[in-house]
Amino acid sequence: MSNTTTGLSMDQIAAMRTQVLGAVAKAPGMLIALGILFIALGMIGVAGQVMFSFVTINVLGAFLIIGGVLQAIHAFQSSGWKSVGIQIIFAILYIVAGLYTWLFPIPALEVITLWLAAIFFITGFLRLIAAFHHRPFGQWFWLVLSAIISILMGVLIMNSFPASSFWLPGLLIAIELLLQGWTLLFIGIAAKSHSAS
């Protein structure tokens, strides 16, 4: 589409790109590199879903332990007995949960898989309710379709449980890494072409 048909000058288009991209336009190379890294990690995750699941649960355990330690440090720096007591309880819970995921990764993966199945079921039913509320609109069919897909995903997870707990968390995180990687890559390319123009 030409600039005359849109009614915008080249300067106006450049200003709009700068507004949309913001600070991102200053470091397109970093975004492209991060995008490629995430895509590579996502591809590794898709290829080795079981390995990726166990790596994920170990990383989650590390984050929980670090979070618990930081919470405990913050608790001892806080004033007021009630505040300190509640924060120490949370810190202990985080550390115990982190150690549990490290010591018992298979049950931890099973819990995460059940949680994912529950999310699919809940979001599916909520979308179904929303679809029936939007019946007067023409697009309500797509809400029903997405609701059915979510519920079916929950059913599929439960049908293959507990075997699905070995590969499902890794696969979903790998897909998320791929999507995030492609997003960063395209934003980086757009920012690079903007800075070049």
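**Helix α3**

I started with helix α3, residues 28-47, in this predicted model. Helix α3 has 20 residues and reaches 29 Å from first C-alpha to last. That is close to the 28 Å expected at 1.5 Å a residue.

Next I asked which residues of α3 are buried. I found P28, L31, I32, G35, I39, G42 and G45. Seen down the axis of α3, these buried residues fall within an arc of 150°, so they line one face of the helix. I then checked the face turned away from the buried side of α3. The exposed residues M30 and A47 sit there.

**Helices α4 and α6**

I looked up how helix α4, residues 49-77, packs with α6. The angle is about 95°, and the axes are 10 Å apart. An angle of 65 to 115 degrees counts as roughly perpendicular, so α4 and α6 are roughly perpendicular to each other.

I listed the residues that make the contact. From α4 I noted S53, F54, I57 and L60. From α6 I noted P105, I106, A108, L109 and I112.

**Residue T113**

I stayed on α6, which spans residues 105-133, and picked T113 in that helix. Is T113 buried or exposed? Its relative accessible area is 0%, so I logged T113 as buried.

What does T113 touch, leaving out residues up to four places away in sequence? I wrote down I157, F161, S164, S165, L168 and P169.

Key. Residues are numbered from 1 along each chain as its sequence is written. This is a predicted model: local features need pLDDT of at least 70, side-chain atom pairs count only at pLDDT 80 or more; totals for chains, interfaces and linings use all residues. Side-chain values use heavy atoms; hydrogens and water are left out. Helices (H or I, at least four residues) and strands (E, at least two) are DSSP runs, numbered from the N terminus. Buried means under 20% relative accessible area, exposed over 50%, partly exposed in between (1.4 Å probe, protein chains only). Contact means heavy atoms within 4.5 Å. The expected span of a helix is 1.5 Å times one less than its number of residues. The arc is that of the directions from the helix axis to the C-beta atoms. Axes are lines fitted to C-alpha atoms, for helices over the stretch in contact, and angles run from 0 to 180 degrees between N-to-C directions. Angles under 35 degrees count as roughly parallel, over 145 as roughly antiparallel, 65 to 115 as roughly perpendicular and the rest as oblique.
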